[in-house]
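The following exercises are to be worked with the sequence and the coordinates at hand. Each task is followed by a solution in steps.

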Amino acid sequence: MVFRNALTSIARSATASSRIAVARPLATSFARSPATPFAALTQTRAYHEKVIDHYENPRNVGSFLKTDKNVGIGLVGAPACGDVMKLSIKVNEEGIIEDVRFKTFGCGSAIASSSYMTERVKGMTLEEAGKIKNTEIAQELCLPPVKLHCSMLAEDAIKSAIKNYKSKREATGNRAPGHIEV
Amino acid sequence: MGATTTKTSPTSSPIKLTISSFSTSPTISEQSPPYTSSKLSGNEYHKLSNLALDNLTEYLEGIIEEVDVERLEQLAKESNQVAKRGGPASEWDCEYSSGVLNLRLGSHGTYVINKQPPNQQIWLSSPKSGPKRFDYDREHKVWFSNKEGEVVSLKELLDSELSVAFDSPVDVPLSGEEC
């Protein structure tokens, strides 16, 4: 298994390196040689156990069909930046998110942030889900400073999914499923 | 607001109306203009962002050398200014390498400011206000963030937060030309 640099986002912005993720905490310190892009990292930092947990046991992985009237999909981020999150919500007639799925391309913190988000929003109303702040995710997962952006992306993802769902509903005239066109 | 009207005699000429208005609050045109992100060439982006981060590093290194860290630590704890995000840092220092600036301010936490070339942005992670992304407005020469209508410039944010941490007015020289 290859050790994954906890702060790969820095390297990612410089190179489009492949992402072989590992779950083991980083216990080694980084070389201080100025030649490596990791010279900026002078602190040793391990992935928090909560992040590792989400990585090894991700919750609600997958997606829903975008053609489904009750589904909203949020796709945020960009491969070049290092993180892409796809968050799919299934909303019932009462406006409650009855099911959620996520697919994330990115570092352990990004995966954990989106996985945690799916846990959080299940059972919430759209309004409640839209209020979840990146701060909450960052605190819950004890994200280090450089990974706060991952939690922000997860917040963007749920907002994007809600927006997508709402615009789909508006486009179809808010018809209840089973409505019969006469 | 004051208004004056003058009426001339009906026999000589039509009624003249003069209205002057005075306001003590800034008019719409005097408020900060909204910033728009400019499309930069690769070279331009790197030049601007390098300049910003180089200047910032030099400035911050200078401050850290001069301040009484122990006093600031004491102050941080007393006024409950400890890091809200990311945890406290182990020391007070500023390091810039490979496009990433790490500003460690002890109990206040760690600032990470880095270049994000794919987006032509500068990304900030603040222990006080969290993550933000800044685009460059060429016309106003400012790195600005616009998150859901809330507009703030990188300079404003850093000046404001770092002045508290250093307990003295901070004036970061991002380009030497900002408004």
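**Exercise 1.** Determine what share of the contacts in chain A with a separation of 6 or more comes from residues 24 or more positions apart, and describe the make-up of this chain in the predicted model.

*Solution.* 
Step 1. In chain A, contacts with a separation of 6 or more are taken as the total, and residues 24 or more positions apart account for 60% of them.
Step 2. The secondary structure of chain A consists of six helices and three strands. Along the sequence these elements follow the pattern α-α-β-β-β-α-α-α-α.
Step 3. Chain A has 182 residues, of which 48% are buried.
Step 4. The accessible surface of chain A is about 8800 Å², with 55% belonging to carbon and sulfur atoms.

**Exercise 2.** Give the strand order of the open sheet in chain B and explain why one side of E1 and of E7 is left without a neighbour.

*Solution.* 
Step 1. The sheet has seven strands with antiparallel pairing, in the order E1-E2-E3-E4-E5-E6-E7.
Step 2. Strands E1 (92-97) and E7 (150-153) of chain B stand at the edges; each has a single partner strand, so one side of each lacks a neighbour in the sheet.
Step 3. On average, neighbouring strands of this sheet are turned by 20 degrees against each other, direction ignored.
Step 4. Strand E6 (residues 142-147) of chain B pairs with E7(B) in the antiparallel sense over four bridges. B:Phe144 stands opposite B:Ser153 in E7(B).
Step 5. Helix H3 (residues 154-166) of chain B lies across strands including E1, E6 and E7 of chain B, and runs at about 70 degrees to E7(B).

**Exercise 3.** State how many residues each chain brings to the contact between chain B and chain A, and what area is buried there.

*Solution.* 
Step 1. Chain B contributes 27 residues and chain A contributes 22 residues.
Step 2. About 2000 Å² is buried between chain B and chain A, and carbon and sulfur atoms give 55% of this area.
Step 3. In chain B, the residues that lose the most area to chain A are B:Arg85, B:Gly86 and B:Pro131, together 22% of what that side buries.

Conventions. Residues are numbered from 1 along each chain as its sequence is written. Chains are lettered from A and ligands numbered from 1 in the order in which they are written. This is a predicted model: local features need pLDDT of at least 70, side-chain atom pairs count only at pLDDT 80 or more; totals for chains, interfaces and linings use all residues. Side-chain values use heavy atoms; hydrogens and water are left out. Two strands pair if DSSP finds at least two bridges between them. Helices (H or I, at least four residues) and strands (E, at least two) are DSSP runs, numbered from the N terminus. Axes are lines fitted to C-alpha atoms, for helices over the stretch in contact, and angles run from 0 to 180 degrees between N-to-C directions. Contact means heavy atoms within 4.5 Å. Buried means under 20% relative accessible area, exposed over 50%, partly exposed in between (1.4 Å probe, protein chains only). Accessible areas come from the Shrake-Rupley method with a 1.4 Å probe; for residues, only the protein chains shown count as cover. Buried area is the accessible area (1.4 Å probe) that two parts lose on being put together, summed over both.
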